[in-house]
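Subject: Structure handover

Hi,

Here is the structure I promised to pass on to you. Please have it open while you read the notes that follow.

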Amino acid sequence: MTPARFITFEGIDGAGKSTHIAVVAQRLRQRGDEVVVTREPGGTELAEALRELVLTRPMDSLTESLLVFAARRDHLQRVIEPALAAGQTVLCDRFTDATFAYQGGGRGFDLGVLRTLEQWVQAGRQPDLTLWFDVPAALAAERRAQARAADRFEGEDLAFFERVAEGYRQRIAAAPQRFARIDGARPLDEVQRAVLAAVGLEP
Ligand code: TMP
């Protein structure tokens, strides 16, 4: 089996994914892989500027969707595609599944429009593997409350995050072979073992 080169990490805010990305990167580098760790929205100067706007300024769902896809376009062209072409492994904290979950599920924005934008922006590019951190919305909310000041998404209520989780589940149902479900409610060491196994590394 060809190893996954473009790996994305998804889940509702507070699911705990970010902690594990650094560990996967370190282990892949030990194995000799060249690894790029990046995030969305973000990963380039322009995309990080768009991220700042999306996370802090009031806007409607279409504007939000256009901005995250604009950031994604720049990120793909400048970082992701060149890295993959050079044989590097790309670990990306969120990607298009987050748009379907947050803008589609959370905000209730038109999935057909999101699919059109996806085709325009990605020209068929999809992650090889997506780790989905599945955590009950109430547990994720507890973790967020301890962690940091809320941005425009993190301040949303439990019902919003239930819809986001449902958005992820629908996306997974449409392409189950791309996803590995990680039970993010388990103790940290167990989650870490599951993450390493999912990317084909020894625990
Ligand atoms: P982060 O806190 O995991 O870095 O993600 C930033 C926020 O942006 C998070 O609340 C999810 C949200 N988001 C979207 O709404 N749409 C998207 O397409 C992406 C990538 C993130």
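Predicted model: local features only at pLDDT ≥ 70, side-chain atom pairs only at ≥ 80, totals over all residues.

**What I found**

Let me begin with Arg-94, which counts as buried because its relative accessible area is 12% (buried means under 20% relative accessible area, exposed over 50% and partly exposed in between, with a 1.4 Å probe and protein chains only). This residue sits in the loop between S3 and H4 (helices are DSSP runs of H or I with at least four residues, strands are runs of E with at least two, and both are numbered from the N terminus).

Residues are numbered from 1 along each chain as its sequence is written, and side-chain values use heavy atoms, with hydrogens and water left out.

**The sheet**

Five strands form an open sheet in the order S2-S3-S1-S4-S5, and their pairing is parallel (two strands pair if DSSP finds at least two bridges between them). At the edges are S2 (35–39) and S5 (179–183), each of which pairs on one side only. On average, neighbouring strands are turned by 20° against each other, direction ignored (axes are lines fitted to C-alpha atoms, for helices over the stretch in contact, and angles run from 0 to 180 degrees between N-to-C directions).

Helix H1 (residues 17–30) packs on this sheet and touches S1 (6–10), S2, S3 and S4 (129–134); the direction of H1 makes about 170° with that of S3. Contact here means heavy atoms within 4.5 Å. Helix H7 (residues 158–174) also packs on the sheet, where it touches S1, S4 and S5, and its direction makes about 145° with that of S4.

S3 (residues 89–93) deserves a look of its own. Five bridges link it to S2 in the parallel sense, with Val-37 partnering Leu-91 and Val-35 standing opposite Thr-89. Four bridges join S3 to S1, also parallel, and there Thr-8 stands opposite Cys-92. Is S3 enclosed or open? Five of its five residues are buried, so S3 is largely enclosed by the rest of the structure. Both of its faces are covered, by the count of buried residues: Thr-89, Leu-91 and Asp-93 on one side, Val-90 and Cys-92 on the other.

**The cores**

The largest nonpolar core has 42 residues, and Ile-12, Leu-91, Tyr-102, Leu-131 and Phe-133 have the most contacts inside it (a nonpolar core is a set of buried Ala, Val, Leu, Ile, Met, Phe, Trp, Tyr and Cys residues joined through side-chain atoms within 4.5 Å). H7 gives the most to this core, with six residues. A second, separate core has 14 residues, including Leu-76 and Phe-109.

Arg-72 is found in helix H3 (residues 61–85) and counts as buried because its relative accessibility is 3%. Thr-96, in helix H4 (residues 96–106), counts as buried at 1%. The side chains of these two residues make a polar contact of 3.4 Å (a pair of N or O atoms within 3.5 Å; within protein, one must be able to donate a hydrogen and the other to accept it, and residues adjacent in sequence count only if both atoms are side-chain atoms). The side chain of Thr-96 makes another polar contact, at 2.5 Å, with that of Gln-122.

Which residues come nearest to the ligand? Of the 14 residues around it, they are Asp-13, Arg-51, Arg-94, Thr-99 and Gln-103 (a residue is near a molecule or strand if one of its heavy atoms lies within 4 Å of it). Polar side-chain atoms lie 2.9 Å from a ligand oxygen atom for Asp-13, 3.2 Å for Lys-17 and 3.2 Å for Arg-72.

**Backbone details**

Two more spots are worth a visit. Glu-40 and Pro-41 are joined by a cis peptide bond with omega about -10°, and Pro-41 is in the loop between S2 and helix H2 (45–56). Ala-123, in the loop between helix H5 (111–122) and S4, has a positive phi of about 45° although it is not a glycine. Ala-123 counts as exposed because its relative accessible area is 67%.

Best wishes
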